[in-house]
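My entries follow the order in which I looked things up.

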Amino acid sequence: MTDLKTTLQHYLQSAREALLWKLDGLGEYDLRRPLTPTGTNLLGLVKHSAATDVEYFGTVFDRPFPDPPAWFALIESVPNIEMWAAADETSASITDLYRRVWDHSNATIDALDLDATGTVPWWPADRSTVTLGQILVHMTAETNRHAGHADIVRETIDGAAGLNARNTNLPPADQYDWTAHHAQVDQAARTAAGI
């Protein structure tokens with residue numbers, strides 16, 4: 001039987017890998033270009049997720065991340081600095097950073113028990129004391145949220161969709177008429193709205 005910590009870590013890692021998979025095969029422009037009014041972009045989602053992982057598995061448990069990039073120190077003073085990639089930041093440096101962060105975070109997870117406590121200084125005082133188990137659940141939800149954003153952004157770019165490289169979780173394109181499905185959903189929306 002698999003223990004709870006291993007199960008939680010598995011789901012977190014699956015979400016991390018799904019997020020990175022959404023970058024596969026794209027050029028620099030498509031990795032970086034904003035596709036929502038708030039600037040959501042694929043590389044920014046990865047950069048943000050790296051920063052969040054560092055904060056929750058590093059700062060919260062007093063396990064500082066070694067050799068952070070300079071922009072880490074600016075997160076509090078420069079709004080959204082972790083949500084996009086500057087022109088001089090390579091996509092490889094950001095994806096490599098995210099993988100290094102995984103290693104650091106996984107070392108924290110491996111070293112601590114689920115009931116080990118930490119402090120989230122940016123949360124209200126009445127709930128700032130947390131356990132590793134709580135943070136594993138929080139970060140799995142957070143990472144899956146951003147992987148979902150990446151799903152939509154990637155589909156907007158080139159139509160690629162699915163859960164991960166091994167399991168798209170969608171019917172194969174040659175076995176499903178997505179155009180007809182889209183039309184059916186649109187018609188139902190129009191009917192419901194009286195349009």
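The notes below take up the conventions, then the salt bridges, then a helix and a loop residue.

**Conventions.** I am working with a predicted model, in which local features need pLDDT of at least 70 and side-chain atom pairs count only at pLDDT 80 or more, while totals for chains, interfaces and linings use all residues. Residues are numbered from 1 along each chain as its sequence is written, and side-chain values use heavy atoms, with hydrogens and water left out.

**Salt bridges.** I looked up the salt bridges (a side-chain nitrogen of Lys or Arg within 4 Å of a carboxyl oxygen of Asp or Glu) and found that the structure holds seven. One of them joins R32 to E28, with the closest N and O atoms 2.8 Å apart. These two residues lie four apart in helix α2 (residues 28-32), and so are separated by about one helical turn; helices here are DSSP runs of H or I with at least four residues, strands are runs of E with at least two, and both are numbered from the N terminus.

I then checked burial, where buried means under 20% relative accessible area, exposed over 50%, and partly exposed in between, with a 1.4 Å probe and protein chains only. E28 is partly exposed at 39%. D30 pairs with R33, the closest N and O atoms again being 2.8 Å apart, and D30 is partly exposed at 22%.

In helix α5 (residues 132-158), R154 and D158 are also four residues apart, about one helical turn, and their salt bridge has its closest N and O atoms at 2.9 Å. Is R154 buried or exposed? I noted R154 as buried, at 8%, whereas D158 is partly exposed at 41%.

**Loop residue L112.** L112 lies in the loop between α4 and β1 (117-119). Leaving aside residues up to four places away in sequence, I found that L112 touches K5, F61 and L132, contact being heavy atoms within 4.5 Å. L112 and F61 are 51 residues apart along the chain, and their C-alpha atoms are separated by 9.2 Å.
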